[in-house]
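Please examine the sequence and the structure before reading on.

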Amino acid sequence: MKTTLALAIMAAALGLSINTYAAINTHSDILSTTQQRVQQNHDYDQAIQTVNYNNHKITLNKNDLVRATSFDLTPEEYGQYKYLMKFTPRGVWTPEIDPVIALGVSAKTERERMKYAELAFQQRTKREAKEIAFSVSMMKVEREHDPDSPRWMTWEQKKEFALKGTSAMDDSPKNTDTKTENVMVFVNPQSCLKSTTCINSMNNAMKAKLDNTNLTFYAVYPHSTGHSAKTLSMFKQKLNADYINPSITFTAIDESKLAHNHPQLPFVLIQGNGGNKIVRLNQA
């Protein structure tokens, strides 16, 4: 306050303009703030505690104690970390290493290693939780500001978005001579009823059916047991009704009618322009 008043009197005495006085006053404020920061840094750099490690006295200042607390370390442990970084190759090998990791890799006993490993794990878990929470918040903000971005689309929507305006999305395809494809699914319904994976594979086969595809399910039964209409009915009921349509047929067949070396059930036989193709399906 006294400095500012003195500058004002000096400016008046010298006949300086208001702008010149304001510039002098601003410079004075900056100088005062800088001096305060220098004094504050000096205070934090002053040694306030000494710890002994390996016959060396390690001095700690306020900054060191704050860092020790943030890493959940005692002053003695942080002093050991400072010793490692100053007097051992660790400070050259990895100068930016985490204090907890530095103490862990330099530990002399398994008990010490486990102690710092546990501490490092806890700190990493907390850090990842905070980072994930922030990432979720960022996604919410991004979606709020850009709701039409392809990032929020389903796979089908992304495909449509990418092909929009291309010949692939033309509602009137030039090639109307589409060849019919025969898809035959061979499955033991009794075994498939016991497997969720198998039922899902059957649903996927129906879901993937195209308009030019003839889809037939062949319910394969061992020759020794014969055909069971009840099992076939249960098999059809287990499938997703939304995918079943009149163009999908179900036929019972004796396994002895198949080729002796046929693939393990269930499998798909595809007959198209490119010839025949066999695809194994998962049942387990």
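## Aromatic rings

In this predicted model, ring pairs join Tyr53, Tyr83 and Phe87 into a cluster. Across the whole structure, a search finds six aromatic pairs. The rings of Tyr78 and Tyr81 have centres 5.3 Å apart and planes at 55 degrees, so this pair is tilted. Tyr78 and Tyr81 are three residues apart in helix 4, which means that about one helical turn separates them. Both Tyr78 and Tyr81 are buried.

Phe217 and Phe250 form a stacked aromatic pair, with 5.0 Å from centre to centre and 10 degrees between the planes. This pair links distant parts of the chain, as Phe217 belongs to strand 4 (residues 213-221) and Phe250 to strand 5, 33 residues apart. Phe217 and Phe250 are buried.

## Helix 3 and helix 4

Helix 3 (residues 62-70) packs against helix 4 (residues 75-87) at an angle of about 110 degrees, and their axes are 9 Å apart. The two helices are therefore roughly perpendicular to each other. Asp64, Leu65, Arg67 and Ala68 in helix 3 meet Pro75, Tyr78 and Lys82 in helix 4. The residues of this contact comprise four nonpolar, no polar and three charged.

At the start of helix 3, a side-chain oxygen of Asn61 comes to within 3.0 Å of the backbone nitrogen of Asn63. Just after helix 3, Asp72 has a positive phi of about 60 degrees.

## A loop residue

Asn245 lies in the loop between helix 11 (229-238) and strand 5 (248-254). Its relative accessibility is 30%, so Asn245 counts as partly exposed. Asn245 and Met206 are 39 residues apart in sequence, and their C-alpha atoms are 9.1 Å apart in space.

Methods. Residues are numbered from 1 along each chain as its sequence is written. This is a predicted model: local features need pLDDT of at least 70, side-chain atom pairs count only at pLDDT 80 or more; totals for chains, interfaces and linings use all residues. Side-chain values use heavy atoms; hydrogens and water are left out. Axes are lines fitted to C-alpha atoms, for helices over the stretch in contact, and angles run from 0 to 180 degrees between N-to-C directions. Helices (H or I, at least four residues) and strands (E, at least two) are DSSP runs, numbered from the N terminus. Angles under 35 degrees count as roughly parallel, over 145 as roughly antiparallel, 65 to 115 as roughly perpendicular and the rest as oblique. Contact means heavy atoms within 4.5 Å. Ala, Val, Leu, Ile, Met, Phe, Trp, Tyr, Cys and Pro count as nonpolar, Asp, Glu, Lys and Arg as charged, and the others, Gly among them, as polar. Buried means under 20% relative accessible area, exposed over 50%, partly exposed in between (1.4 Å probe, protein chains only). A polar contact is a pair of N or O atoms within 3.5 Å; within protein, one must be able to donate a hydrogen and the other to accept it, and residues adjacent in sequence count only if both atoms are side-chain atoms. Rings of Phe, Tyr and Trp (its six-membered ring) pair if their centres lie within 6.5 Å; planes under 30 degrees apart count as stacked, over 60 as edge-to-face and the rest as tilted.
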